[in-house]
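Here are my notes for your next look at the coordinates. I have kept them as numbered points, with the cut-offs beside the terms as they come up.

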Amino acid sequence: MKKITVLLVDDHMMLRQGMRALLMTEPDFEVVGEAENGRQAVELAGKLQPDVVVMDIAMPQLNGLEATRRIAKEAPQARVLILSSYSDD
């Protein structure tokens, strides 16, 4: 069975490491890359073509919303899950 490939995107290394550790406990997931900003996320999504991108909304160089728009063009099969600590819609 093919594993679900995941790209983790967050400017906080500790959060990325925690998500990676959590996903590694699940046999159906494989973390294929990590990015610390939106520009890296777009580049890696185009290169790695992940199934899922776990995206922080507030990041340097390119925010999560704009990065998601660009990823939709670079890796149209990828599904993006945006995380936020903000309570505003």
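1. Two strands are said to pair if DSSP finds at least two bridges between them. Helices (H or I, at least four residues) and strands (E, at least two) are DSSP runs, numbered from the N terminus. With that in hand, strand 1 and strand 2 pair in the parallel sense over six bridges. Leu 7 has Gly 33 as its bridge partner in strand 2.

2. A word on the source: this is a predicted model, where local features need pLDDT of at least 70 and side-chain atom pairs count only at pLDDT 80 or more, while totals for chains, interfaces and linings use all residues. Residues are numbered from 1 along each chain as its sequence is written, and side-chain values use heavy atoms, with hydrogens and water left out.

3. What is the order of the strands in the open sheet? The four strands run 2-1-3-4, with parallel pairing. Strand 2 (29-35) and strand 4 (79-83) stand at the edges with a single partner strand each, so one side of each is left without a neighbour in the sheet. From one strand to the next, the twist averages 20 degrees. Strand 3 and strand 4 pair in the parallel sense over five bridges, and Ile 82 in strand 4 is the bridge partner of Met 55.

4. Now the helices against the sheet. For the angles, axes are lines fitted to C-alpha atoms, for helices over the stretch in contact, and angles run from 0 to 180 degrees between N-to-C directions; contact means heavy atoms within 4.5 Å. Helix 1 (residues 13-24) lies across strand 1, strand 2, strand 3 and strand 4, at about 170 degrees to strand 2. Helix 2 lies across strand 1, strand 2 and strand 3, at about 140 degrees to strand 2. Strand 1, helix 1 and strand 2 make a right-handed β-α-β unit (right-handed if, with the strands pointing away from the viewer, the path from the first strand over the helix to the second runs clockwise).

5. Next, the interior. A nonpolar core here is a set of buried Ala, Val, Leu, Ile, Met, Phe, Trp, Tyr and Cys residues joined through side-chain atoms within 4.5 Å; buried means under 20% relative accessible area, exposed over 50%, and partly exposed in between (1.4 Å probe, protein chains only). The largest such core has 15 residues, and those with the most contacts inside it are Leu 7, Val 9, Ala 41, Val 53, Met 55 and Ile 71. Strand 1 (4-9), helix 2 (38-48), strand 3 (52-56) and helix 3 (64-74) each supply at least two residues of this core. Helix 2 gives the most, with four residues. A second, separate core of six residues includes Leu 8, Met 19, Leu 23 and Val 54.

6. Leaving aside residues up to four places away in sequence, Val 53 touches Leu 7, Val 9, Ile 71, Ala 78, Arg 79, Val 80 and Leu 81.

7. For the charges, a salt bridge is a side-chain nitrogen of Lys or Arg within 4 Å of a carboxyl oxygen of Asp or Glu. The structure holds five salt bridges. Arg 16, Arg 20 and Glu 34 are linked in a network of them. Glu 34 meets Arg 16 at 3.0 Å, N to O, and in its bridge with Arg 20 the closest N and O atoms are 2.5 Å apart. Is Arg 16 buried or exposed? Arg 16 is buried, with a relative accessible area of 8%, whereas Arg 20 is partly exposed at 26% and Glu 34 partly exposed at 25%.

8. Arg 69 counts as exposed at 51% relative accessibility, while Glu 66 is partly exposed at 25%.

9. Finally, two backbone angles to check. Most residues other than glycine have a negative phi. Gln 49, in the loop between helix 2 and strand 3, has a positive phi of about 50 degrees. Gln 61, in the loop between strand 3 and helix 3, has a positive phi near 70 degrees. Gln 49 is partly exposed, at 32%, and Gln 61 counts as exposed, at 53%.
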